[in-house]
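Please read this briefing with the sequence and the model side by side.

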Amino acid sequence: MTLEISENNGTMLGVLSGRLDTAAAPQFARDLQPLMDNADKHIVLDCSNLEFISSSGLRLFLSLRKQTISQNGDVTIKGVSPEVKQVFTITGFYSLFNFE
Amino acid sequence: MKDTLKLTNDINEVPRLGEWIDSLGDRLGLLPDKVFNLNLALEEAVVNVMNYAYPGQNHMPIYLTVDDNDGFLRFVLEDEGVPFDPTQTEAPDITLDADKRPIGGLGIFLVNQLMSKVSYEYKDKRNRLIMIG
């Protein structure tokens with residue numbers, strides 16, 4: 001599981017690749033910190049290569065979303081597979097984020 | 001076909017669970033979305049045991065058995081830890097806004113959503129969670 005972060009014209013882009021399972025979540029939480037530190041900005045998470053997510057990963061998505069709410073930023077998720085999208089839908093997470 | 005995976009209560013073992021389920025999917029010719037849902041539901045059930053069954057103890061056993069009689073996949077998750085019935089946990093309110101959503105509580109909810117039937121028994125000093133997928 002990798003997260004590559006870049007910044008372009010004030011937008012933070014995070015590109016996720018691999019399986020975000022419970023074993024990968026602690027490292028992902030550390031990798032996510034630069035986005036948590038920029039929660040006042042527009043954050044885009046490119047999930048085109050995100051193969052899997054479980055509740056440990058969803059929890060981190062929610063932490064980031066909460067942080068952006070408190071700092072007037074926002075989170076857009078793009079490129080999710082139908083399987084990953086289904087996880088967001090059945091947990092009610094779909095309505096918490098902007099999807100592209 | 002019957003197969004058992006033995007794990008210990010260490011979250012670093014979760015990828016081994018994923019490999020076992022992927023291999024099961026290959027052997028049984030399951031569709032990718034079915035394999036995805038089994039990965040998710042079984043990871044949530046197993047992680048719940050890893051986190052709570054054996055407080056303060058390491059290298060403790062967890063067994064996951066699959067049986068594919070009659071076209072149904074029957075999974076039995078067993079541990080020898082603290083008796084706990086996850087089917088009695090309260091479902092989270094999934095309609096709350098992000099700022100009001102609690103950070104946890106989705107694991108067992110996902111198991112219930114993704115498996116067609118989930119039941120629990122405590123037998124021979126083992127927690128047994130039976131999941132029909």
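At 4% relative accessibility, Asn39(B) counts as buried, a word used here for under 20% relative accessible area, with exposed meaning over 50% and partly exposed in between (1.4 Å probe, protein chains only). This is a predicted model, in which local features need pLDDT of at least 70 and side-chain atom pairs count only at pLDDT 80 or more, while totals for chains, interfaces and linings use all residues. Residues are numbered from 1 along each chain as its sequence is written, chains are lettered from A and ligands numbered from 1 in the order in which they are written, and side-chain values use heavy atoms, with hydrogens and water left out.

**Asn39(B) and its surroundings**

- Asn39(B) sits in helix α2 of chain B; helices (H or I, at least four residues) and strands (E, at least two) are DSSP runs, numbered from the N terminus.
- Leaving aside neighbours within four places in sequence, Asn39(B) is in contact (heavy atoms within 4.5 Å) with Arg19(A) and Phe52(A) from chain A, and with Gly18(B), Ile21(B) and Asp22(B) from chain B.

**The helices of chain B**

- Helix α1 (residues 14-28) of chain B packs with helix α2 (residues 32-52) of chain B at an angle of about 145 degrees, and their axes are 10 Å apart; axes are lines fitted to C-alpha atoms, for helices over the stretch in contact, and angles run from 0 to 180 degrees between N-to-C directions.
- On the α1(B) side this contact is made by Val14(B), Leu17(B), Gly18(B), Ile21(B), Asp22(B) and Gly25(B), and the residues from α2(B) include Asn39(B), Leu42(B) and Val46(B).
- The contact residues divide into nine nonpolar, three polar and two charged, where Ala, Val, Leu, Ile, Met, Phe, Trp, Tyr, Cys and Pro count as nonpolar, Asp, Glu, Lys and Arg as charged, and the others, Gly among them, as polar.
- α1(B) lies across β1, β2 and β3 of chain B, running at about 170 degrees to β1(B), whereas α2(B) lies across β2 and β3 of chain A, running at about 100 degrees to β3(A).

**The sheet of chain B**

- Five strands of chain B form an open sheet with antiparallel pairing, in the order β1-β2-β3-β5-β4; two strands pair if DSSP finds at least two bridges between them.
- The edge strands of this sheet are β1 and β4 of chain B, each of which pairs on one side only.
- Strand β2 (residues 61-67) of chain B is mostly covered, with seven of its seven residues buried: Pro61(B), Tyr63(B), Thr65(B) and Asp67(B) point one way, and Ile62(B), Leu64(B) and Val66(B) point the other way.
- Seven bridges join strand β1 (residues 2-8) of chain B to β2(B) in the antiparallel sense, and Thr4(B) has Thr65(B) as its bridge partner there.
- β2(B) is also joined to strand β3 (residues 74-79) of chain B over six bridges, again antiparallel, with Thr65(B) standing opposite Val76(B).
- β3(B) in turn runs antiparallel to β5(B), with six bridges between them, and Leu77(B) stands opposite Leu129(B).

- In soluble globular proteins, nonpolar side chains tend to be buried together.

**The sheet of chain A**

- Five strands of chain A form an open sheet of mixed pairing in the order β1-β2-β3-β4-β5.
- Strand β2 (residues 11-20) of chain A runs parallel to strand β3 (residues 42-53) of chain A, with nine bridges joining them, and Gly14(A) has Leu45(A) as its bridge partner.

**Positive phi in chain B**

- Most residues other than glycine have a negative phi.
- Asp124(B) has a positive phi of about 50 degrees although it is not a glycine, and Asp124(B) is exposed, with a relative accessible area of 69%.
- Lys125(B), found in the loop between β4 and β5 of chain B, has a positive phi of about 60 degrees and counts as exposed at 66% relative accessibility.
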